[in-house]
Amino acid sequence: MTNDLNDPSDEALSAPLKAALADARSIRRDAETGMADFDAQQSALEHHPNRAAYMHGGMLAERGFGTEQILPVLGFHSLDWSDALTRLEASTPVDGADLLDRLLIVCTSDPMLEVSGERVLHDLGLLKRGRVDPFWLKRPKLGLGQAAKAFGLTAAHIDGHRGLYVLAQPTLRRLLERAAVGQADQRFGAVLLTAIGSGGEPLAAIGAAAYYRDAEARYRADCDRFADHQRRHPGRRWRLKPALSRQGHLAITTARQKDIAVPAERMRGHAADWLANQNANLRFNGGDEA
């Protein structure tokens, strides 16, 4: 009698492996299909009620604005546009900083802007029991974007909005001056909306380029932190942990762009190795900027 445990056939060994491999491939295909469906659903939504607030607030959050600046940002946008611009011009940030850094300085240093911002929320009926909505404090991007939302800025204005803060101060003043002519509402937020519209595609292109530089700077800083982490932890226990969701998203994006199979790596270290071998993130390492 043949003992299957001691003398297994090739088929007995290979069949379970083939089945496991088929299951893995099926799971991967389902994941790719799910991501494609999710992308399509997100595109179809177009305008979530808070989309504009998150986008414009995200622009500020990525430059160091936090919950403490939610009210001051609202207050700043309620200033007369000339007064607001004068305050930006009078601030003295570090070398190489653009006007977003100046805006952060102004919003951090003037406590009266917080009072003005609270009044704006009161007038709009957006205070919760006399205070800032607690959900905004948990999601600072949403809170910071309320100023843009209050003055009518949409998701379509985001590149132009960023572009305004890249302009040289004299250029920005001329643009706001022209936008303010004949406009009943002279507040900074209202004139800002008109200025973005008049700036058109050239201003949006300036803003899009600034967004790319901002994102690349964050990516390079993240790479440096990761390299430093590896140096400080020679045991590298992190490599045995499950792969991060952002590694998975980047792997799928990279595989699609290079038309290769999505990796099946489950461990964080293996995923990091695969991404490094594929020169990811392609956006900042020879890939398209878009």
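**Exercise 1. Work out how many helices and strands the protein has, and in what order its elements run.**

Step 1: count the elements. The protein has 14 helices and zero strands, where helices (H or I, at least four residues) and strands (E, at least two) are DSSP runs, numbered from the N terminus.

Step 2: read off the order. Starting at the N terminus, the elements go α-α-α-α-α-α-α-α-α-α-α-α-α-α.

A note on the ground rules: this is a predicted model, with local features needing pLDDT of at least 70, side-chain atom pairs counting only at pLDDT 80 or more, and totals for chains, interfaces and linings using all residues. Residues are numbered from 1 along each chain as its sequence is written, and side-chain values use heavy atoms, with hydrogens and water left out.

**Exercise 2. Decide how helix 13 is oriented against helix 14, and which residues meet.**

Step 1: get the angle. The axes of helix 13 (residues 245–258) and helix 14 (residues 268–277) come within 10 Å and cross at roughly 30°. Axes here are lines fitted to C-alpha atoms, for helices over the stretch in contact, and angles run from 0 to 180 degrees between N-to-C directions.

Step 2: classify it. Angles under 35 degrees count as roughly parallel, over 145 as roughly antiparallel, 65 to 115 as roughly perpendicular and the rest as oblique. So helix 13 and helix 14 are roughly parallel to each other.

Step 3: list the partners. From helix 13, Gln-247, Leu-250, Ala-251, Thr-254 and Ala-255 meet Arg-268, Ala-271, Ala-272, Trp-274 and Leu-275 of helix 14. Sorted by type, the residues of this contact are seven nonpolar, two polar and one charged (Ala, Val, Leu, Ile, Met, Phe, Trp, Tyr, Cys and Pro count as nonpolar, Asp, Glu, Lys and Arg as charged, and the others, Gly among them, as polar).

**Exercise 3. Do likewise for helix 4 and helix 11.**

Step 1: helix 4 (residues 81–90) and helix 11 (residues 169–180) pack at about 175°, with axes 11 Å apart. Helix 4 and helix 11 are therefore roughly antiparallel to each other.

Step 2: Trp-81, Ser-82, Leu-85, Thr-86 and Glu-89 in helix 4 meet Gln-169, Leu-172, Arg-173, Leu-176, Glu-177 and Ala-180 in helix 11. That contact splits into five nonpolar, three polar and three charged residues.

**Exercise 4. Say whether Asp-214 and Asp-259 are buried or exposed.**

Step 1: Asp-214 sits in helix 12 (residues 188–232). Asp-214 counts as buried because its relative accessibility is 15%. Leaving out residues up to four places away in sequence, Asp-214 touches Arg-63 and Arg-162.

Step 2: Asp-259 is in the loop between helix 13 and helix 14. Its relative accessibility is 71%, so Asp-259 counts as exposed. Its phi is near 55°, a positive value in a residue other than glycine.

Technical notes: Contact means heavy atoms within 4.5 Å. Buried means under 20% relative accessible area, exposed over 50%, partly exposed in between (1.4 Å probe, protein chains only).
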